[in-house]
Structures are given as structure tokens and as C-alpha cells.
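Good morning, colleagues. I would like to take a few minutes to walk you through one protein model, from its overall architecture to one patch on its surface.

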Amino acid sequence: MKTTKTPASRPHDDAVVEMLKADPTFADDYLSAALDEAGKPGGQAALQAALRHIAEAQGMAAVAERAGIPRESLYRALSPRGNPTIKTLLAVLGAAGLHLAVSRQGPAHT
């Protein structure tokens, strides 16, 4: 009798995408946390990964279509080596049902 083993672990990216699929509202907190870290070392890459995870959870082709971006261009822009423009960022957020918000982080600098 042959048995199949269940993997003891799975890649982080896959786990995050599964969590986003299971609870789409998780995207709000996930992206917010990524934005909070964007100014720190590695933060921009983390923000880009968060956008990629959200797009993958909703279906990359569907997000690309809603954003008006060719699917291949979206994959390229959100890849680890990609460099999405603000236009692409805003289009992906809008297509995913999200938007950016601004809040003051402390006393205003003069």
C-alpha cells in the first residue's frame, strides 16, 4: 500500500496567498503593515511582495484585466526584480478593491 506524505511545511508566499483567499479582508491589514514598513530597509520589496500576493489571491489575470494592464506586464511589475510605477501601483490597488490612505505619523516637522 502506497501512502502519500503531506509536506511538513509550505512556502511562505503560498501560505500568505492561501490566507488572502480564505479571508479577503486580511488584505487591508497586510497591505497596511507593508506600507508602514516601506521606508525601512527591505520595506519596498515587502510592499511589492504584498501587492503580488494580493493579486495572486484574487487571480492575476482578473486583477490585470480590471486594472487595464496586460497580464504579462503585471507579472513583470510585481516580480521581485520589477519596479512598478505609481500608475501601476494605483491601478492594482483599485483593481483589488483597495486604496491608499495617508495619516500623520507624528508631530509635523518645520
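**Fold, surface and a nonpolar patch**

Reading from the N terminus, the elements of the protein chain follow the order α-α-α-α-α-α. Please keep in mind that this is a predicted model. The count for the protein chain is 6 helices and 0 strands.

Let me turn to the overall dimensions. Along the principal axes, the C-alpha atoms of the protein chain occupy a box of roughly 75 × 30 × 25 Å. The protein chain has 110 residues, and 33% of them count as buried. Among the contacts in the protein chain with a separation of 6 or more, 49% are between residues 24 or more positions apart.

Next, the surface and the charges.

I now come to the patch. Which residues form a nonpolar patch on the surface? They are L35, I86, L90 and L100, and together they present about 340 Å² of accessible area.

I86 is located in helix α6, which spans residues 86-95. Is I86 buried or exposed? Its relative accessible area is 55%. The cut-off for exposed is over 50%, and therefore I86 is classed as exposed.

Thank you for your attention.

Technical notes: Residues are numbered from 1 along each chain as its sequence is written. This is a predicted model: local features need pLDDT of at least 70, side-chain atom pairs count only at pLDDT 80 or more; totals for chains, interfaces and linings use all residues. Side-chain values use heavy atoms; hydrogens and water are left out. Patches are made of residues with over 30% relative accessible area and no salt bridge: like charges are joined within 9 Å, nonpolar side chains (Val, Leu, Ile, Met, Phe, Trp, Tyr) within 5 Å. Accessible areas come from the Shrake-Rupley method with a 1.4 Å probe; for residues, only the protein chains shown count as cover. A salt bridge is a side-chain nitrogen of Lys or Arg within 4 Å of a carboxyl oxygen of Asp or Glu. Helices (H or I, at least four residues) and strands (E, at least two) are DSSP runs, numbered from the N terminus. Buried means under 20% relative accessible area, exposed over 50%, partly exposed in between (1.4 Å probe, protein chains only). Contact means heavy atoms within 4.5 Å.
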